[in-house]
Structure formats: C-alpha cells, structure tokens
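Student: Could you take me through the salt bridges in this one? I'd like a close look at which side chains pair up and where they sit.

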Amino acid sequence: LGWNPIEGEPYFDGLLRTMAIAHMAYAEDKEVTGKLRDWFDAASKPSDIWADLRATTFAVAAKFGGESAYEKLLGWYTETTSAEERTQLISGLCAARDPELIKRSLGMLTTDAVKLQDLFYWVVYLSRNRFSRDALWQWMQDNWGWIVEQFGNDMHYTDFPKYIAGAFSTPTQLAGYKAFFEPKLNEMGIARTIRQGIEDIEGRVQWIDRDGDAVRTFLKDQTSSHQADISNIEPVTSTADNL
C-alpha cells in the first residue's frame, strides 16, 4: 500500500491504507509514529498534512511530542476557521498523556479558549484517553454547577452522563458514577440517561468479570504463537520501505 495514495488505485485500497496506518499508530509502531511525527514537524498548517491521516498525525504528535507539539496544535486550533480541522485538532490535543498538558486542557474548558459548541468534542476525546479519563471525571464533578448553568436547558445536557458512562468499565468507576449521579435521578432531563449509563457500566463490569480471564489467556497464547511463527522469517524489502 505504501504511505501515499497511488494514482488509479482501487477506492478500498485507500481506505485500507488509512486504516492500517491508524491502527499501527495506535499500537505505537515506532516506524509509523516516527513517520507521522516527521509529517507534523514539517507542517506549517493543518492542510499540509494528508486529510485522511490528519487526526492520527495530530494524536501521535500530542502523545509523543510534549509541550512543543501541544503548543503547535493549540495555535492551529485557535487560528483555524474550518470546523473539520478544529475537530481534528481537538482530538489531537486530547490525546496528550502528560498530566500537566491534560490539566491545561481541562482548565480551558470553562474559558473563552473553548467554544461552547466544541465542548462536547473535548469531553468525548478526553474520556477516550485512558491517561485523562480520571481527571476528566473529577473535572466534571467539580464543575457540574457550571455545566448545569451552561447546558441545563440544552438538548446536549444529557450527553455529559452518557459520555462519561461510556468510558467506565470497573466496579470502582461504577460506584463513583452511582454516588454522583443517583442523587440527580429526580431531574427529569437526565434521569433516563443516568439509568442507561448505570446499566451500560454494569454490563461491561459483568462482561469483564465473566470473560476477562479467557480473553487475556487467548491473547497471551496468540502472542506466544505469533512470536514463534515469525522467528525464522527473513526480512522482505517492499516498495513501502523506500517511501
């Protein structure tokens, strides 16, 4: 597939290339993350980066590029007039793993630095990052009064308990969710969403309790088998090696 689109290639080859690179980046393959970081460092504006891999490139930059990459992404976020680019940049900024950068992102959520219509993107992407999930949950509890003030009469008000529930899967998280939201079950606007959130978390807790050990064993066996299968394979030079 190589790194770049090939003239006349089948449509699904393009989709497969994007998917393959994105999954390898998520798995932190060093060659892939290194290539994407090079793209990011060389770019002077978001559009310099291939659109299909822009979000993946931004995420890799934020994960491994530290404060300098975060500043560059934040500058682009502030300057862009494209809604699509802004969403991609938010996803990148929210992929940061440095506790100080996560704290900085959370600190912006109640300020003019983040538009209210963008806030839900920040909440969703921060909840998906295992390094920022707990900090987001604490921010949500600490700022619930502000959330009610800003969104209490908005159709998106129910999204807050829904999004954070989607990030939880442990008994401790379930207990914390219940402790905070069950007293709010008398609020008609979010009661149904809270009940659904509790059911969703309970389902994941039960699933992990039932199948967790079997899945771990399966993955461990597959890894051992794969390592044995590839131990005698000679390296293969492909077109992609030269791109």
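Tutor: A quick definition to start: a salt bridge here is a side-chain nitrogen of Lys or Arg within 4 Å of a carboxyl oxygen of Asp or Glu. This is a predicted model, and by that definition it holds nine salt bridges. Let's go through some of them.

Take Arg-97 and Glu-28, whose side chains meet with 2.6 Å from N to O. This pair ties together distant parts of the chain, 69 residues apart. Arg-97 sits in the loop between helix H5 (83–93) and helix H6 (99–108), while Glu-28 is in the loop between helix H1 (11–26) and helix H2 (30–42). Glu-28 has 31% relative accessibility, so it counts as partly exposed, given that this class runs between the 20% and 50% cut-offs.

Next up is Arg-86, which bridges to Asp-118 with the closest N and O atoms 2.9 Å apart. Here too distant parts of the chain are linked: Arg-86 belongs to helix H5, and Asp-118 lies in the loop between H6 and helix H7 (119–128), 32 residues away. Both Arg-86 and Asp-118 are buried.

Then there's a local pair, Lys-162 with Asp-159, at 3.3 Å from N to O. Both lie in helix H10 (residues 159–166), three residues apart, or about one turn of the helix. What about their exposure? Asp-159 has a relative accessible area of 9%, so it is buried, because buried means under 20%. Lys-162, with 45%, is partly exposed.

Conventions:
Residues are numbered from 1 along each chain as its sequence is written. This is a predicted model: local features need pLDDT of at least 70, side-chain atom pairs count only at pLDDT 80 or more; totals for chains, interfaces and linings use all residues. Side-chain values use heavy atoms; hydrogens and water are left out. Helices (H or I, at least four residues) and strands (E, at least two) are DSSP runs, numbered from the N terminus. Buried means under 20% relative accessible area, exposed over 50%, partly exposed in between (1.4 Å probe, protein chains only).
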